[in-house]
Amino acid sequence: MAKARPLGGRLISIPILVFAPLAVICGLLILRRLVFGIGSVTDLNGGYPWGLWIGFDLLVGTGLACGGWALAWTVYIFNKGKYHPLVRPALLASLFGYTLGGLSITIDMGRYWHLPYFFLPGQFNTSSVLFETAACMTVYIGVVTLEFAPVILGYFGLKKWFDKVNKIMFFLVALGALLPMMHQSSMGSLMIVAGHKLHPVWQSYEMLPVFSLFTAFIMGFSIVIFEGSLVKAGLAGKAPDERHLFTRLARIAAVLIGLFVLLRFGELYYNNKLHYIMQGDFYSVMFWLEVGILSLPTFTLFFGRKFYDSRWLFVSALCMIGGSALWRLNYSIVMFEPGMGYDYFPSAEELLISIGFISIEICAYIFIVRLFPVLPVFKEVQEENNIQHGVKA
């Protein structure tokens, strides 16, 4: 099996110089929000109690952070060990995505100083879907941290702690496979309470949790392909050729997409809502845009002839991410209509904070893969990969 090693190289590179200033701006705006209140940086109002930070940073962000969870099912539950080289990068991305998603919840709370009450047993609101989501996310961040800990402990030679973590790894993997299923489905349940305020095409009292879970799996597999493609492009000859793994993951995601689209049409038919998607208005256009973007990888990977083409894999991953993200944004923000004349569009500060979160993740990811053994990127790894696939050096 390929061994991961630190990428090395300069810590201060062009991507860092581009994204670090955006991360600093994000930090300053968060400080402003904490000092002067949430109204100083957002356009939220009584009709829209949450906006971009929940719809994008949390719902889309944690969906994109499901790579580690999706691979945990693939590698450890279904025993597909050939995908193991992809686990460490996926876990790292999951750790960042969920941590920043938790931060977005914190800054979205009006009275953030009441946050400690969430951790007091006497204050638990066990009837709330939000409580279940927050509790599972909090525990899962700790689980992913421990799952990734052997990378750091092994690098620093802390064998005693390395062995202790490895002894409980089976429990951590099992817990890590379970928890996202709970909070990702609950994220779909959040909008059930919106009732008629959510457009009928997206409102489903029976299927919203299932749809949310499907998109989490789809985004999890697609982000592994997306990040892997970028790493391979950035490292040129140093990166092992993992197209065969990405193609298999893309086909798994394509099957899930097919089931997701089938269930969506089935739900619309069962509840007599098909006429909504035939009206040619904004809502029907957005529905067909979702379905079209998501369906493109299915046709490409099953009916096309470019199964192993890196560019098509990258485009397919983008379509999976884009279609799933659009569905999540639609059901959480775009198709929500509170009435009473309320309107919402993210302020410049909200947009900069969301962009800053992405910038923080990119900078931190670059630093860690350069300093710690996360990526299998060296020449001997490429030679090992060639030998496994019968390719001459």
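**Reading the pocket, a helix and the surface**

Author: The largest pocket holds about 910 Å³ of space. This is a predicted model: local features need pLDDT of at least 70, side-chain atom pairs count only at pLDDT 80 or more, and totals for chains, interfaces and linings use all residues. Residues are numbered from 1 along each chain as its sequence is written, and side-chain values use heavy atoms, with hydrogens and water left out.

Reader: How is a pocket found, and which residues lie nearest the centre of the largest pocket?

Author: Rolling a probe the size of a water molecule over the atoms shows where empty space is left. A pocket is an open set of points on a 1 Å grid over the protein atoms alone, with protein on both sides within 12 Å along at least five of seven lines; lining residues have an atom within 4 Å of a point. Points are joined across faces, edges and corners, and the volume is the space filled by probe spheres set on them. Here 33 residues line the largest pocket, and Phe226, Glu227, Leu230, Glu361 and Ile362 lie nearest its centre.

Reader: Which helix gives the most to the lining of the largest pocket?

Author: Helices are DSSP runs (H or I, at least four residues), numbered from the N terminus. α12 gives the most, with 9 residues. At least two residues each come from α1, α2, α4 (87-108), α8 (208-235), α11 and α12.

Reader: How far apart are the end C-alpha atoms of α2?

Author: The expected span of a helix is 1.5 Å times one less than its number of residues. α2 (residues 52-64) has 13 residues, and a straight helix would reach 18 Å. The ends of α2 are only 16 Å apart.

Reader: Is α2 largely enclosed or open?

Author: Buried means under 20% relative accessible area, exposed over 50%, partly exposed in between (1.4 Å probe, protein chains only). In α2, 11 of the 13 residues are buried, so the helix is largely enclosed by the rest of the structure. Among the buried residues are Trp53, Asp57 and Gly61.

Reader: What is phi at asparagine 272 and methionine 340?

Author: Most residues other than glycine have a negative phi. Asparagine 272 has a positive phi, near 55°. It sits in the loop between α9 (243-270) and α10 (282-303), and is exposed at 61% relative accessible area. Methionine 340 also has a positive phi, about 60°. Its loop lies between α11 (310-334) and α12 (348-371). Methionine 340 counts as exposed because its relative accessibility is 78%.

Technical notes: On a 1 Å grid over the protein atoms alone, a cavity is a set of points where a 1.4 Å probe fits but cannot get out, and a pocket is an open set with protein on both sides within 12 Å along at least five of seven lines; lining residues have an atom within 4 Å of a point.
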